[in-house]
Structures are given as structure tokens and as C-alpha cells.
Amino acid sequence: MAENRSFEDLVAEGAAVPTEGWDFSWFEGRASEARPSWGYARSAGERLARAEAALDIQTGGGEVLDFALGRAEPDRPPLVAATEGWPPNAAKATALLRPRGVVVVAATDDAPLPFADGAFDLVLSRHPVRPRWEEIARVLRPGGTYFAQHVGPASVFELVEYFLGPQSDAVRGGRDPERERADAQAAGLEVVDLRVERLRMEFCDIAAVVHFLRKVVWMVPGFTVEAYEPQLRALHERIEKEGPFVAHSARQLFDVRKWTH
């Protein structure tokens with residue numbers, strides 16, 4: 001926690017923490033986020049236990065897939081692959097997942113998936129930048145499943161708009177779940193279940209804000225401590241006076257099946 005620590009000390013700490021992977025354990029005690037009721041990683045493990053060939057798209061550092069595979073043992077699928085586009089994360093995922101026999105393929109988020117048509121009966125993804133429904137449909141076998149947790153519209157926008165000011169309706173409406181449902185259906189997929197939740201987040205010190213914006217780079221594009229020093233200092237003073245800065249994340253769960261005809 002930040003008690004009795006200076007603005008400069010906290011900002012320096014937040015700016016120094018490594019950002020690779022999707023391990024958020026550093027935030028414990030200084031930021032929190034309520035978890036969706038559906039328990040994505042646990043549920044993904046249950047799906048893996050019933051699959052024959054699985055693909056995790058945009059795996060990050062592989063932490064979520066590693067956890068899910070652990071839940072699936074000893075019934076994990078014999079073939080598991082993952083993609084990741086950011087080289088530091090791809091290296092981290094390879095080191096973590098290789099002992100589990102997972103092949104990690106470096107592939108940018110906007111490139112075609114480097115796999116044959118119908119290669120997988122299960123495709124997973126947690127927080128993809130943008131779901132590429134045509135590619136998901138292509139690599140799924142008929143009757144196969146896409147099971148994923150997406151980021152929803154206006155997620156953490158209390159923090160985004162603190163730094164960037166009010167955003168347009170078009171920006172706030174991005175990642176709309178009903179639009180994603182329509183796009184999935186247009187690609188020949190059936191949305192079996194779609195759930196949406198907004199979840200409370202708290203940032204207890206300015207170091208947590210700095211690290212979060214360095215790690216989740218699309219929130220405030222081009223964020224640096226130097227560029228936003230006045231806003232950071234004002235927010236630090238506000239947190240010290242009023243308590244944690246509160247925001248809300250948006251999460252949506254997609255359970256999607258490829259038609260068999």
C-alpha cells in the first residue's frame with residue numbers, strides 16, 4: 001500500500017514493474033477487480049477436459065491457459081496450440097507452456113491463424129484485441145466450440161476519460177456484445193450463450209494506475225509518466241484525500257458453436 005509514500009516514489013515504482021504476461025499478482029493490496037460470476041479459467045479447464053484438439057488465441061504469457069490445463073488434467077486434449085503476437089509475451093508463454101506440450105506460435109493479431117481448416121474442436125481466448133470470426137470459424141471443426149471472455153464496451157472508461165476527456169458515443173460503444181453476436185452469426189457461427197457483466201475496480205495508489213496503463217496499453221494510447229504527470233499528481237492527491245479511485249470493467253462471455261451443416 002501507498003501509506004506515507006511520496007508521489008515520486010510511487011510513480012517510479014509503477015514505472016519500473018515489468019509488464020510482460022497477464023499475471024496481475026503485483027496489484028494485490030493496491031488495486032482490485034471483481035471477477036465475473038462464470039469463472040472463465042475454471043470453465044475453460046472443463047472444456048479442455050472434453051476436447052481433442054484445442055487452440056488458445058492471443059494467449060498473453062500463457063498464464064490462463066496454463067491454469068486451465070492444470071484443471072483439465074489428466075483429461076487434457078492431446079493436441080494444444082496457442083498464438084501470441086507480442087514477442088516478449090510469446091517468449092514467456094513458450095517457457096511456461098512448453099513443459100505441458102503446448103506449441104506456441106508467434107502470430108500477429110490481424111494475421112490469418114496459421115492452422116489448417118477444421119484443425120480444432122475447441123478454440124479459447126481471453127480478452128482478444130478483436131475476435132476474427134471468419135478465422136475462428138475456419139479453424140473450427142463442424143460442431144466445434146469457441147469459448148471466450150471478451151472485454152466489453154466502455155471498460156474502465158472512468159480511468160480512460162480521466163486522462164483523455166469524454167469519449168464519443170462511437171468509441172464508448174465499441175465491443176458492443178450484440179454487434180459481436182451479429183458478426184459471429186455472419187461468419188456461420190451459432191451463439192449458444194452470451195453473458196455480460198460490469199464489475200467494480202478500485203485503484204488504491206498511483207503506482208497501480210501507472211502500472212495498469214503501461215500494461216494495458218490500449219487504454220490511454222501513448223501513455224507515459226512524463227506526458228501525464230499533472231493528471232497523475234492530481235489523481236494521487238485525490239486518492240490520498242478521498243480513497244481508492246473507482247472504475248468498472250466490462251466483461252462478456254461467448255459460448256459459440258460452428259454449425260454442422
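A salt bridge here is a side-chain nitrogen of Lys or Arg within 4 Å of a carboxyl oxygen of Asp or Glu. Asp9 and Arg5 meet that test, with their side chains paired at 3.0 Å, N to O. The model is predicted, so local features need pLDDT of at least 70 and side-chain atom pairs count only at pLDDT 80 or more, while totals for chains, interfaces and linings use all residues. Residues are numbered from 1 along each chain as its sequence is written, and side-chain values use heavy atoms, with hydrogens and water left out.

Back to that pair. Asp9 is partly exposed, with a relative accessible area of 35%, and Arg5 is partly exposed too, at 24% (buried means under 20% relative accessible area, exposed over 50%, partly exposed in between, with a 1.4 Å probe and protein chains only). Both belong to a network of salt bridges that links Arg5, Asp9, Glu13, Arg30 and Asp205. Within it, the side chains of Asp205 and Arg30 meet at 2.9 Å, N to O. That pair links distant parts of the chain, 175 residues apart: Asp205 sits in the loop between β7 (189-203) and α9 (206-215), Arg30 in the loop between α1 (7-16) and β1 (31-33). (Helices, H or I with at least four residues, and strands, E with at least two, are DSSP runs numbered from the N terminus.) Both Asp205 and Arg30 are buried.

Now for another salt bridge, in which Asp66 and Arg100 meet at 2.6 Å, N to O. Here Asp66 in helix α3 (residues 63-72) is linked to Arg100 in the loop between α4 (87-97) and β4 (103-106), 34 residues apart. The whole structure has 21 salt bridges.

So what does a buried lysine without a salt bridge have around it? Take Lys258, in strand β8 (residues 245-258). Lys258 is buried yet has no salt bridge, and the nearest side chain of opposite charge, Asp117, is 7.4 Å away (Lys and Arg count as positive, Asp and Glu as negative; His and the chain ends are not counted). The Lys258 side chain does have backbone oxygens to hand: a polar atom of it lies 2.8 Å from that of Ala137, and it reaches that of Leu140 at 2.8 Å. Leaving aside neighbours within four places in sequence, its contacts (heavy atoms within 4.5 Å) include Arg138, Pro142, Gly188 and Leu189.

The buried residues of α10 are Leu232, Leu235, His236 and Ile239. Seen down the axis, they fall within an arc of 105°, so they line one face of the helix; the arc is that of the directions from the helix axis to the C-beta atoms. They pack against α1, α6 (157-164), β7, α9 and β8. On the other side of α10, Pro230, Lys241 and Glu242 are exposed. After the helix comes Gly243, with a positive phi near 100°.

Most residues other than glycine have a negative phi, and most peptide bonds are trans. His127 has a positive phi near 60°, in the loop between β5 (120-126) and α5 (133-139). Val156 also has a positive phi, about 60°; Val156 is found in the loop between β6 (140-151) and α6 and is buried, with a relative accessible area of 2%. The peptide bond from Glu73 to Pro74 is cis, with omega near 5°, and Pro74 is in the loop between α3 and β3 (79-84).

Definitions and conventions: Polar contact = N/O pair within 3.5 Å; in protein donor to acceptor, adjacent residues only side chain to side chain.
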